[in-house]
Amino acid sequence: RTSGFFLKRFTGDSTPFKFPQTPIRLIREWPVEEPFSKRDFSRMDESDDSSFYGVPRFVYHIDESSVAALTQYYRRTIPLKSDILDICSSWVSHYPLEFKQTMSRISGTGMNNFELRANNQLSDFKDKNLNIDPQLPYEDGSFDIVTCVVSIDYLINPIKVLKEAHRVLRPGGRVIISQSNRCFPTKAISMWLEMNDRQHLELINSYFQYAGGYKERAAFDISAKGGGATDPMFIIDAQKM
């Protein structure tokens, strides 16, 4: 993932796509106490995730247009010299190619050691199953940005994970959650499968509310347009108080 025409297409640097950014107003009011049940976070396949993710998948889980849209969002919004943590990471983190040189540090946690070793955008990585232990293996205030790409639907303790993201962020740091409409349905939590794209964004917003310590969240539709773009791409961007 360092050069070539197809790589440039997937990073949005040589594509037929346009990259609009449309704000989405989050309107659902959530109760003071968490309303979720154990069933809400249950999954069709409750077997050990390490078995499901044990075989490396060197594929893109969203289409070219969505990858490119996400990469361009990162380029527009992540400041130079940031320390970045990519949680639920894999063989690719979808950052712009220049980030390896322009960012201070890019760390990753993920389920598959082979995929993480293949991710040449990472400065360092640690194997971590956040569904067994949601604690992030980093010191307080270590990062400026935490990203999570199309994976929050697989977390059975997302609020605890976002509390951990808050802990490892510096004041004013941001969590960027990206989401499309694809998933492994047997591993996604049950209430996610019962919701549409808009409801997914409202749900993610509630996770931040119950995690605490974040400013009002911003949501965007950053789906690419033109050039045969198909998959949608949405962002929830949350800043630490």
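In the predicted model, D144 and R170 form a salt bridge (a side-chain nitrogen of Lys or Arg within 4 Å of a carboxyl oxygen of Asp or Glu), with the closest N and O atoms 3.0 Å apart. This pair links distant parts of the chain, as D144 belongs to strand β5 and R170 to strand β6, 26 residues apart. Both residues are partly exposed, D144 at 23% relative accessibility and R170 at 27%; buried denotes under 20% relative accessible area, exposed over 50%, and partly exposed the range in between (1.4 Å probe, protein chains only).

In total, 15 salt bridges are found in the whole structure. Among them, R167 pairs with E164 at 2.7 Å between the closest N and O atoms. Both residues lie in helix α6, three residues apart, about one turn of the helix, and E164 is buried, with a relative accessible area of 14%. Salt bridges with shared partners also join R43, D45, E46, D49 and K187 into one network.

Eight strands form an open sheet of mixed pairing, in the order β1-β7-β8-β6-β5-β2-β3-β4. Strands (E, at least two residues) and helices (H or I, at least four) are DSSP runs numbered from the N terminus, and two strands pair if DSSP finds at least two bridges between them. Strands β2 (residues 83-89) and β5 (residues 143-149) pair in the parallel sense over four bridges, V146 of β5 being the bridge partner of L85.

Residues are numbered from 1 along each chain as its sequence is written. Local features need pLDDT of at least 70 and side-chain atom pairs pLDDT 80 or more, whereas totals for chains, interfaces and linings use all residues; side-chain values use heavy atoms, without hydrogens and water.
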